[in-house]
Amino acid sequence: AKYYFFDSSILAQAIAESQYVSPVALEAISFIHDGYVDMLIAENTSTPQYILEELVSGDSMYSVKQNLAKNPHTPVSALEKLFTYANSVFIERKTNSSIQFGASVDTAREILRNLMKNPSTPKAILDQIKHSYELYFLK
């Protein structure tokens, strides 16, 4: 008998990339905890909201946070957490200019841009972004 082995993360990636995948399938692969798979799950509009909430609450990669910010099905509570995260990066940078932030500032900027484009982002957050960051990067 021949045995074939495959990398489960490759199969999970293919599942997560599909726009026709069921929420149940996305739930099943969410336990893999592969960074690239998490990024695709965060982007997929069929992902159950509780999983999107878990992804924002965890120590997720920058690309996961960026995709959560642009997914119109991300719960408002998760969008609020993303705004708080991005805002804290800019506040920390402003108060401690000696720290090199690099990717985290770029990520925060991209999260804010994605929140601006997301139709589910509450008006209060949109107003805060416009008021606080318009001159910095939104032109």
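Helix axes are lines fitted to C-alpha atoms over the stretch in contact, and angles run from 0 to 180 degrees between N-to-C directions. Two packed helices are described by the angle between their axes and the distance between the axes. Helices here are DSSP runs (H or I, at least four residues), as are strands (E, at least two), and both are numbered from the N terminus.

The model is predicted: local features need pLDDT of at least 70, side-chain atom pairs count only at pLDDT 80 or more, and totals for chains, interfaces and linings use all residues. Residues are numbered from 1 along each chain as its sequence is written, and side-chain values use heavy atoms, with hydrogens and water left out.

The protein chain has eight helices and zero strands. Its pattern along the sequence reads α-α-α-α-α-α-α-α. Of its 139 residues, 41% are buried. Buried means under 20% relative accessible area, exposed over 50%, and partly exposed in between (1.4 Å probe, protein chains only). The accessible surface comes to about 8300 Å². Carbon and sulfur atoms hold 56% of that surface. These areas come from the Shrake-Rupley method with a 1.4 Å probe. Among contacts (heavy atoms within 4.5 Å) between residues at least 6 apart in sequence, 55% join residues at least 24 apart.

Helix α3 (residues 35-43) packs with helix α5 (residues 62-70). The angle is about 10°, and the axes lie 8 Å apart. The two helices are therefore roughly parallel to each other, a term for angles under 35 degrees. On the α3 side, the contact is made by Gly35, Asp38, Met39, Ala42 and Glu43. On the α5 side, Ser63, Val64, Asn67, Leu68 and Lys70 take part. By class, the contact has four nonpolar, three polar and three charged residues. Ala, Val, Leu, Ile, Met, Phe, Trp, Tyr, Cys and Pro count as nonpolar, Asp, Glu, Lys and Arg as charged, and the others, Gly among them, as polar.

Both helices contain buried residues. In α3, these are Val37, Asp38, Met39, Leu40, Ile41 and Ala42. Their cover includes α1 (8-17), α2 (23-29), α4 (49-57) and α5. Aspartate 34 caps the N-terminal end of α3. One of its side-chain oxygens lies 3.1 Å from the backbone nitrogen of tyrosine 36. In α5, seven of the nine residues are buried, so this helix is largely enclosed by the rest of the structure. The buried residues of α5 are Ser63, Val64, Lys65, Gln66, Asn67, Leu68 and Ala69.

Asparagine 71 sits in the loop between α5 and α6 (76-95). Asparagine 71 is buried, at a relative accessible area of 1%. Its side chain reaches the backbone oxygen of alanine 42 at 2.9 Å. Leaving out residues up to four places away in sequence, asparagine 71 touches Ala42, Glu43, Asn44, Thr45, Leu52 and Asn118.

Threonine 47 belongs to the loop between α3 and α4. Its relative accessibility is 3%, and it counts as buried. A polar atom of its side chain lies 3.1 Å from the backbone oxygen of asparagine 44. Threonine 47 touches Leu26, Ile41 and Leu52, not counting residues up to four places away in sequence.

Threonine 107 is found in helix α7 (residues 103-117). Threonine 107 is buried, with a relative accessible area of 4%. Beyond residues up to four places away in sequence, threonine 107 touches Tyr62 and Gln66. Threonine 107 and lysine 65 are 42 residues apart in sequence, yet 8.2 Å apart in space, C-alpha to C-alpha.

Key:
Angles under 35 degrees count as roughly parallel, over 145 as roughly antiparallel, 65 to 115 as roughly perpendicular and the rest as oblique. A polar contact is a pair of N or O atoms within 3.5 Å; within protein, one must be able to donate a hydrogen and the other to accept it, and residues adjacent in sequence count only if both atoms are side-chain atoms.
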